[in-house]
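Subject: Structure for your review

Dear colleague,

Please find below the structure that I am handing over to you, together with its sequence. My notes on what was found in it follow directly after.

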Amino acid sequence: MQYNFNEIEAKWQKYWSDNQTFKAVNNAEKKKFYVLDMFPYPSGAGLHVGHPLGYIASDIYARYKRHKGFNVMHPQGYDSFGLPAEQYAIQTGQHPAITTEKNIKTYRRQLDQIGFSFDWSREVRTSDPSYYKWTQWIFIQLFNSWYNLETDKAEDIQTLIEKFSSNGNLQVQAVCDDNIEEFNAIDWNNYSTKEQQQILLKYRLTYLAETEVNWCPALGTVLANDEIVNGVSERGGHAVIRKKMTQWSMRITAYAQRLLDGLKKIDWPQPLKDSQTNWIGRSQGASVTFYTTGDEKYPIEVFTTRPDTIFGVSFMTLAPEHDLVNKITTAAQKTEVEAYIEATAKRSERDRMADVKTISGAFTGAYAEHPFSKKPIPIWIGDYVLAGYGTGAVMSVPCGDQRDYDFAKHFNIPIPNIFEGVDISEEAFADKEKTVIANSDFLDGLPYKKAVKTAIYELEKLGQGKGKINYRLRDAVFSRQRYWGEPFPVYYVDGMPQMIAAEHLPIKLPEVEKYLPTETGEPPLGNATVWAWDTVANTVVDNSEINHTTVWPLELNTMPGWAGSSQYFNRYMDPHNEDEIFSKEAVNYWQDVDLYIGGSEHATGHLLYARFWQKFMFDKGLVPQDEFAKKLINQGMITGTSAFIYREEETGKVLSKGLIKVKTVTPIHADVSLVNASDELDIEGFKKWQPEYKDAEFLLEDGKYIVGREVEKMSKSKYNVVNPDDIVAEYGADSLRLYEMFLGPLEQSKPWNTAGITGVHSFLKKLWKLYFDENGSKVSNDKPSAENLKTLHKTIKKVEEDIENFSFNTSVSTFMICVNELTTQKCTSRTILESLAILVSPYAPHISEELWNKMGHDESLSTVSFPIFEPNHLVESNKEYPISFNGKMKFTMNLSLDLTKEEIEAAVMGHEKTIQQLAGRAPKKVIVVPGKIVNIVG
RNA sequence: GCUCGAGUGGUGGAAUUGGUAGACACGUUGGACUUAAAAUCCAAUGGACAUUAGUCCGUAUGGGUUCAAGUCCCAUCUCGAGUACCA
């Protein structure tokens with residue numbers, strides 16, 4: 001009987017689908033296990049061989065856990081809002097929904113043929129109104145919440161309103177906007193509704209705010225920093241200006257500390273935790289208030305991590321955009337300052353960041369008073385101080401900070417030394433550990449830590465400072481000027497945003513004629529003609545009905561890509577619930593994700609936002625866990641192995657790789673499908689593919705054209721993309737699965753080369769041959785030999801350890817060794833072969849099902865118990881001891897493991913090869929490690 | 001610059017707590033089978049020297065700890081990822 005993989009795989013895929021083998025039921029008696037993949041964006045290009053890597057790994061784990069008796073949920077879905085479908089719509093006019101639907105079909109077909117154990121009954125799509133209804137719902141919850149620092153959690157906005165109406169905002173400790181004016185209860189109750197709404201907006205967890213964006217008038221859109229090159233748009237080279245726009249923001253900064261603390265309790269890769277830690281960027285220090293001298297004493301608040309160096313301040317620097325600049329600049333300096341501000345405004349943020357070396361700035365003519373010495377300190381502006389970080393102002397301590405030092409040198413500002421025994425003639429001194437303060441009044445002689453404490457204490461006494469923790473993390477802008485995204489459930493009354501009541505959700509994306517921004521610069525939804533909210537009928541109506549009494553305009557922005565992916569893992573628990581985002585029962589049963597696999601590129605995007613929303617949901621009592629994924633693994637990228645031919649420049653001849661000597665040749669990409677396992681090019685195929693080479697002369701070596709190889713990112717333009725469809729057709733899904741795992745460690749990036757797949761493919765054929773020969777089944781009821789059992793149990797032990805450690809590549813080797821050994825042993829024993837089929841099944845499920853079935857089982861093997869390791873089969877009586885001399889192994893000796901150290905030493909010393917090695921010398925020392933090694937020194 | 005990770009045959013990669021470096025594959029070479037090819041099977045395959053038993057060198061480089069180092073420590077180099085005037 002032949003191993004007919006195409007037939008077998010189709011058969012079992014149908015069986016699984018017909019029998020809903022992998023459908024997970026909530027609240028089963030069994031213990032739950034939730035295995036999650038990062039759901040894909042369905043792109044038009046379909047899957048290449050690199051995409052399924054993580055899915056294969058998670059599938060192996062999910063299948064393994066089913067064998068271990070768990071109720072496994074392994075769902076899949078689509079992150080189906082996104083830019084490519086929208087851009088395609090702009091070019092062709094085709095509705096993104098149609099493009100998306102088509103791409104999903106392709107994805108589904110490709111995924112199905114790889115044999116994943118997904119529970120498709122739980123599929124979600126972020127662009128589906130029944131799904132984004134709940135994305136809109138969460139947005140409303142965020143809008144209706146504020147962050148109470150006293151309870152350290154999000155609370156309903158009603159509790160804040162109550163506080164305001166009974167006590168005003170003086171006692172309220174909240175995470176909110178900076179520019180909050182104080183008011184008491186009487187003030188609050190006298191405010192108009194609009195005024196109250198404006199105030200509340202400064203406290204809500206999602207709020208409207210003026211945000212500075214990169215606006216490209218020619219394209220009519222906002223550009224991200226990386227879409228701008230040299231100050232102009234990457235596409236088209238149009239001018240870009242910085243513009244303030246009103247945008248929705250998420251108050252993620254409220255959760256900065258909890259996001260940091262949460263990292264301690266989750267098992268995520270260290271590099272990923274590091275980059276989140278970095279991104280949140282906690283720094284501890286003090287905020288210090290300086291007052292300007294002169295008639296009007298403006299306060300300037302700065303943040304510093306080094307309050308101990310306060311006596312080293314010799315100037316202050318404000319960001320050019322700082323609000324105070326206008327107010328304090330003296331008449332004499334006005335021209336210079338204004339010229340400088342204009343010059344920096346022209347430079348994009350990116351340019352400013354790229355060009356760190358050039359020192360620039362201007363003196364405002366104003367002075368601030370030092371809080372302790374009361375000496376005047378000149379106030380400068382400089383673009384090395386960022387408006388967006390801290391307070392946009394710094395106290396400059398040139399002796400202790402290199403940037404301040406460089407600035408001071410450049411502008412000839414004095415650099416007072418406040419460090420004991422340190423030379424600062426060449427550079428600033430920033431080593432906290434070695435710091436001893438000098439020339440600093442009451443701080444003299446103190447080391448860093450004590451000086452910080454003392455300085456803060458003295459500042460507090462003056463009322464000019466206090467200890468403070470600052471975060472780099474910014475609130476997240478939540479508006480996009482795009483069409484293909486979730487619409488906001490928001491309409492505007494008198495310019496103030498109003499939430500549409502939850503029972504009227506979803507607010508469906510309207511139809512538009514054009515997917516581009518409008519001529520007046522409004523987002524694409526500005527093209528919609530039916531996009532107004534009727535507050536009486538509670539429905540979306542035609543724009544012509546807007547009367548500003550009962551019918552109002554709707555929000556024109558849409559939500560960003562990360563909105564839909566921030567809660568999908570919870571929605572999978574109860575995906576068809578129309579009344580709730582998910583039921584209490586479902587979420588209490590599934591709790592959280594046990595294993596999450598996906599790419600590391602989401603470290604500071606999706607994975608941070610999702611943690612933020614989860615914590616918010618936790619505060620609202622909606623979910624039982626405040627971290628959504630216990631364990632996370634980043635799979636590495638699979639790169640391509642490009643093939644090159646070499647064209648000689650002078651003659652136009654094409655040289656085989658070995659013929660390139662000193663001649664100038666141009667490497668040209670050849671499609672990898674035209675190259676065989678021995679790097680030999682199919683010349684005829686190549687000529688057909690690139691007709692311009694049909695008359696070119698190919699110079700061969702040994703009758704073959706050998707291509708050059710190089711590892712590059714898999715990409716169409718490099719002709720190194722391998723489609724899993726082709727691999728499945730030629731070798732089968734089980735071969736593909738095994739090979740992807742066999743390539744190397746899951747988390748590592750590694751090159752794909754189709755040539756190697758024959759190794760795992762012939763392994764599957766050998767496996768098959770253990771069960772069948774040309775006459776049919778070979779499986780017997782013979783009692784397994786001790787040798788058979790040893791091979792099997794060695795394999796069980798190793799494979800189990802490997803899966804638990806996510807070391808999938810080494811288990812494939814282990815299977816190969818096992819099958820090679822059993823073949824040599826001519827093993828036909830059912831006991832052994834049944835266990836083997838189960839062991840292999842997480843990796844190669846189709847062949848395993850078939851083998852299991854052919855051994856007389858009617859049911860799928862997917863939930864059959866994993867074989868149990870019995871150590872007694874591995875007990876050895878003897879050991880092949882390596883005998884080394886000065887650490888170098890010279891020969892081995894087979895000795896009983898029962899021997900004592902002394903007996904081993906005697907046996908080794910008596911061996912003829914030992915005597916030969918020593919050549920009469922007496923050994924200085926003999927190290928005997930029973931069961932391991934013998935080392936003779938001397 | 002900073003943070004993190006990694007450097008092992010022609011290639012992908014193995015190597016529990018330091019204990020036989022190169023498992024398992026690919027490729028290559030030789031052989032069997034075949035008219036031939038494919039498939040399959042067998043053997044060899046880190047390098048140098050040695051006709052043999054064998055000797056020496058080998059895990060990026062240079063030091064160190066140890067009876068013993070791919071593994072631990074120090075320094076250097078290279079590559080990859082993230083991040084960046086963060087006060």
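Leaving aside residues up to four places away in sequence, Thr-639 touches Val-711, Glu-712, Met-714, Ser-749, Lys-750, Pro-751 and Trp-752. Thr-639 belongs to strand S26, which covers residues 638-648. Its relative accessibility is 9%, and because the limit for a buried residue is under 20%, Thr-639 counts as buried. Please note that this is a predicted model, and that every value in this message is computed from it.

The chain as a whole

Chain A contains 29 helices and 37 strands. The C-alpha trace of chain A spans about 100 × 85 × 75 Å along its principal axes. Of the 938 residues in chain A, 52% are buried. The chain exposes about 43100 Å², and carbon and sulfur atoms supply 50% of that area. Considering contacts in chain A between residues at least 6 apart in sequence, 70% join residues that are at least 24 apart.

Strand S11 and its partners

Strand S11 comprises residues 282-292, and eight of its 11 residues are buried, so the strand is largely enclosed by the rest of the structure. S11 pairs with strand S17 (residues 465-471) through seven bridges, and the two run antiparallel. Within S17, Gly-465 stands opposite Val-288.

S11 is also joined to strand S12 (residues 299-304), here by six bridges and again in the antiparallel sense. Thr-289 has Glu-301 in S12 as its bridge partner. S11 and S12 form a hairpin with six residues between the strands, and in this hairpin Gly-294 takes a positive phi near 100°.

Two bridges connect S11 with strand S14 (residues 362-369), and this pairing is antiparallel as well. The bridge partner of Thr-292 in S14 is Ala-368.

Helix H27

Which residues of helix H27 are buried? They are Pro-845, His-846, Ile-847, Ser-848, Glu-849, Glu-850, Leu-851 and Trp-852. Helix H27 runs over residues 845-854, and with eight of its 10 residues buried it is mostly covered. The elements that cover these buried residues include helix H1 (5-19), helix H2 (52-67), helix H22 (733-742), helix H23 (757-771), strand S32 (772-773) and helix H26 (830-840). After H27 comes Gly-856, which has a positive phi near 105°.

The four-stranded sheet

An open sheet of four strands has the order S35-S34-S37-S36, with mixed pairing. Its edge strands are S35 (888-896) and S36 (925-929), each of which pairs on one side only. On average, neighbouring strands of this sheet are turned by 20° against each other, with direction ignored.

In this sheet, strand S34 (residues 878-885) is joined to S35 by eight bridges, and the two run antiparallel. Pro-882 has Thr-892 in S35 as its bridge partner. S34 and S35 form a hairpin with two residues between them, and Asn-886 in the turn has a positive phi of about 55°.

Strand S37 covers residues 933-937 and includes Ile-933.

The three-stranded sheet

Another open sheet consists of three strands in the order S4-S3-S5, with antiparallel pairing. S4 (153-156) and S5 (174-175) are the edge strands, each pairing on one side only. Four bridges link strand S3 (residues 145-148) to S4, and these two strands run antiparallel. In S4, Ala-154 is the bridge partner of Tyr-147.

Yours sincerely

Note on methods
Residues are numbered from 1 along each chain as its sequence is written. Chains are lettered from A and ligands numbered from 1 in the order in which they are written. This is a predicted model: local features need pLDDT of at least 70, side-chain atom pairs count only at pLDDT 80 or more; totals for chains, interfaces and linings use all residues. Side-chain values use heavy atoms; hydrogens and water are left out. Buried means under 20% relative accessible area, exposed over 50%, partly exposed in between (1.4 Å probe, protein chains only). Two strands pair if DSSP finds at least two bridges between them. Axes are lines fitted to C-alpha atoms, for helices over the stretch in contact, and angles run from 0 to 180 degrees between N-to-C directions. Contact means heavy atoms within 4.5 Å. Accessible areas come from the Shrake-Rupley method with a 1.4 Å probe; for residues, only the protein chains shown count as cover.
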